[in-house]
Amino acid sequence: MTFLTPHFPIQDPTWVFFTVLLIILFAPIIMGKLRIPHIIGLVLFGVLIGEYGLNIIERDDSFGMFGKIGMYYIMFLASLEMDMDGLRKNVGKVPLFGFLSFCIPFLLTYVTCRYVLDYSKLASLLMGCIMSSNTLVAYPIVGRYGLQRNLGVTMSVGGTMLSLYVSLLVLAMVVSSHEGNGGLLFWMFFVGKFLLFCSGMFILVPRLARWFLREYSDSVMQYVFVMSIVVLSAAMSQAVGIEGVFGAFLAGLILNRYIPHVSPLMNRIEFVGNAIFIPYFLIGVGMLINLHLLVEKDGLVWTVLCMVFVGTVGKGVAAYIAGKLFRMPWSYGNIMFGLTSAHAAGSIAMIMVGMRLELSPGVPLVTHEMLNGVVIMILFTCVISSLITERSAQYILMHERNSAPPEELPEDEKVLIPVKYPEYANRLIDLALMMRNPKTCKGMVGLNVVYDDENVLKSKKEGEKLLEQIVKHAYSADVPIQTQIRIAANIANGIKYTFRETQASEILIGLHAHSEVSPRFWGRFHQSLFNGLNRQIIMARLHRPLNTIRKIQVAVPSRSQYEPGFYRYLDRLSKLAGNLDCKICFNARHDTLQLIGDYIKARHANIRVEYYPMEHWNELPQLASTVKDDHLFVVVTARKGTVSYKNAQERLPEELTQYFNGRNLLIVFPDQYGEAKTMTFATATHTEEKSAYDFIRNILYKYFTKRSA
C-alpha cells in the first residue's frame, strides 16, 4: 500500500467532496447493521479519515465553513421545530432547567479541575464554562423519530440555549476580568449591544419575513432567504460578543411561526441540513480527535475520564432533578439527559478563546494536555449522548403508541383538489397539506377539468403542465398526489364524476374573487357543485400565503353540531391552526361552543383557541371589524333542507361581498348525507337521550317558529 502514500491526503476538491459523500451515504447503512446511532458513525469515520487516523483527507477550509454552518443548522432546526405552544405553557420550567443544566456541571467541573486535576483558578473556570454548555449533536435522532414537539425535547432545547448563553457570558466575564476590561462601562456597552441585537431581530425579521414570503413564492428564493437570515443572525451575534449558535437559535425562534412544520419549505430546510451541512459538521468534529494521545500521553486518560465523568454526571443530575421537580415521566428525564450531555464545536470555540490567554508572560493558560483532553472528551460525550437519546426516543415512541387510546378518526380521508389557475394551485395544495391527517389520509387527487370545445387540445396541454406543477409541490413535502385530466361539457359534472370515481371524501376548490353579488358570487359552477354533492366542500379565496396568516376567525351557525360532518371540519380547522401556530377563534351559540370546546380539549389541546358567543346569524357582519388583512375568515354554512340551514344564509354572498371583500376566506359546506343524527363527543357531558331530545326540539323549532335564527 506504500504506492498510495504519495496520493494522501487527498487535495483535489472533487475527490474530497466525493469521499465525504461516501461517508454520508454508507455510515448510516453500516451503523444501522450494528444498531448504533448514525451520528456516532459520522464522528468515527471522521476520526478514521482525518489527520490522526488514516490521513485520507486533510481538514481544510471546507470543513471549517460547512462545519460551522452545520453547527448553526442544528441549533436553527432545534428552535425552528420547537413546540412554541409547549414552550409558552412551560415558560417557567425551561429557565429553571437551564439554570440547573449550567450550575451543576459548572460547580462539579470547577471543583474537580481545581482540587483533583490541580488546574489554576482561571483554567478551572474555563473548564467549568466548557462542561456546563452543550451542543445538540443528537437532535437529528429526535427528528428522525418525530419527537420534536415532545415536552422533554422542548425543555432540552430551551435549557441548552440558556446554559450555553450563561456559559458564554461567564466566559466573557472571565476573559475581560483577566485582561483588565471588566469595568462597569464595558458591561453596560455589552448589555446595550445585546439588547439592541435581540430587539432588532424581533422587530425587523418578522416584518421582513411576512413581506418576502408574501411577495415571492419561488421555492429556491424562499430557502435562500431563510438561510440568509440564519447566517446574518449568527454573524450579528458574533459581532455583539456571543457565539454564532445563539444567533442561529434566535433566528429559528423568530421564523418558527412563518415556516409550518408540514410545508414544502420546512421539508427543503430539513433535507439540505441533514444531507450536507450537519454530516459535514460531525465528520469535521471527528477529524479533530487524536486517539493516539490516550496511549502516548501520561495522565491524559485520567484527564479525559474526569472531564467525561463530571460533564456527563452533571448534565444527568440536572436533567433528573428537573424531571422530578416538574413531575415528568422518567423517560423524559432520559431524553433530556441524552440531548444535553454532548459537547462539540462550542467546546472547541471556548478552548480556543482560552488559548489566547496567559497565566503569566510565556505561561499559557491552556496546556496541550487540556486541549487534547477536551477534544477527546468530545468523542466520548457524543457517543454517550447519541446512545442515550436513541434508546430514550425509541422508548417514548413505543410507550406513547401503546398507551394512547384508539383515535376515532375517519378512514375515508381523500381530498379532491380541482385546479385551474397556475398562480393559485400551489396555495390550494398548501391548504390541503395543512389540513390533512397524515395518519389516515390516503393522499390527494389533483384534477383539471377541460371544457369540451374547439380549444380542447390546447387546454389539455396546459392542464398537464399545471398538474405537473402541483405534483412537484406536493412531493416536495413528501406527500403523494394522484392527478387526472377530465374532458367534460360541464365543469361541475366533471368534478362530481371524478369525485365518485376516485372515492374522495371531500373537495377543496378555489373561489373566484368576484366583486359581484349573488348569484354571480359562486361563479359558473360552484353552486351546482355544492347542491349536487352532500359531502364536505371547502371553497378558498386566499390573497396571502398561508404562513403569513396570524389568526383564524370561524363563524359557526346554530345547530351545526347536529350535522354529520361537524367533527370533520372541526378536525380540519384545528389542524390548520396547529400547523400555522396561530390563534383560532370560534363564534357560535353557547351549546355549539360547548361541544367545540370539548372536542378541541380532547383532540387538539395544544392549539390556541378562543370562544365568542354569537346567538344569531344576523350578527355575522359585526365580525367584519375584527377580521384583518392577515386573518383568515371561515364561514361554516349549510345546504337547503338541512338541520343547520336558515333563511339568513341566503344573504351570505351579499354580506361576504359587502363586509369581507378583500379578506382571506374559507366557505365550508359540511358533510350532510344520510340520516341526520346527533354527533356527541366522548368527553361531552350531554347524554344520548338529552342529545336526541335537543335534536327533535331543534327540528320542531326550525319548521314551526316564525323568527329566523
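I take a disulfide to be a pair of cysteine sulfur atoms within 2.5 Å. A disulfide is a covalent bond between the sulfur atoms of two cysteines. My search of the whole structure turned up zero disulfides.

**Ground rules.** The model is predicted, so I use local features only at pLDDT of at least 70 and side-chain atom pairs only at pLDDT 80 or more, while totals for chains, interfaces and linings use all residues. I number residues from 1 along each chain as its sequence is written, and side-chain values use heavy atoms, with hydrogens and water left out.

**Cysteines.** I looked up the accessibility of two of them. C129 has a relative accessible area of 0% and is buried (buried means under 20% relative accessible area, exposed over 50%, partly exposed in between, with a 1.4 Å probe and protein chains only). C382 is at 3% relative accessibility and is also buried.

**Positive phi, N55.** I noted a phi near 55° at N55, a positive value in a residue other than glycine. N55 sits in the loop between α2 (38-49) and α3 (61-80). Helices here are DSSP runs of H or I with at least four residues, strands are runs of E with at least two, and both are numbered from the N terminus. N55 counts as partly exposed because its relative accessibility is 28%.

**Positive phi, D478.** I found a phi near 60° at D478, again positive in a residue other than glycine. D478 belongs to the loop between α19 (456-475) and β5 (481-488). Is D478 buried or exposed? D478 is exposed, because its relative accessibility is 59%.

**Helix α20.** I went through α20 from one end to the other. In α20 (residues 491-501) I list A492, G494, I495, K496, T498 and F499 as the buried residues. What do the buried residues of α20 pack against? I find β3 (415-418), β4 (444-451), β5, β6 (506-510) and α21 (526-532) as their partners, where contact means heavy atoms within 4.5 Å. Just after α20, Q503 has a positive phi of about 55°.

**P653.** I placed P653 in helix α24 (residues 652-659). P653 counts as buried because its relative accessible area is 3%. How far apart are P653 and F521 in space, C-alpha to C-alpha? I read 6.0 Å for this pair, whose members are 132 residues apart in sequence.
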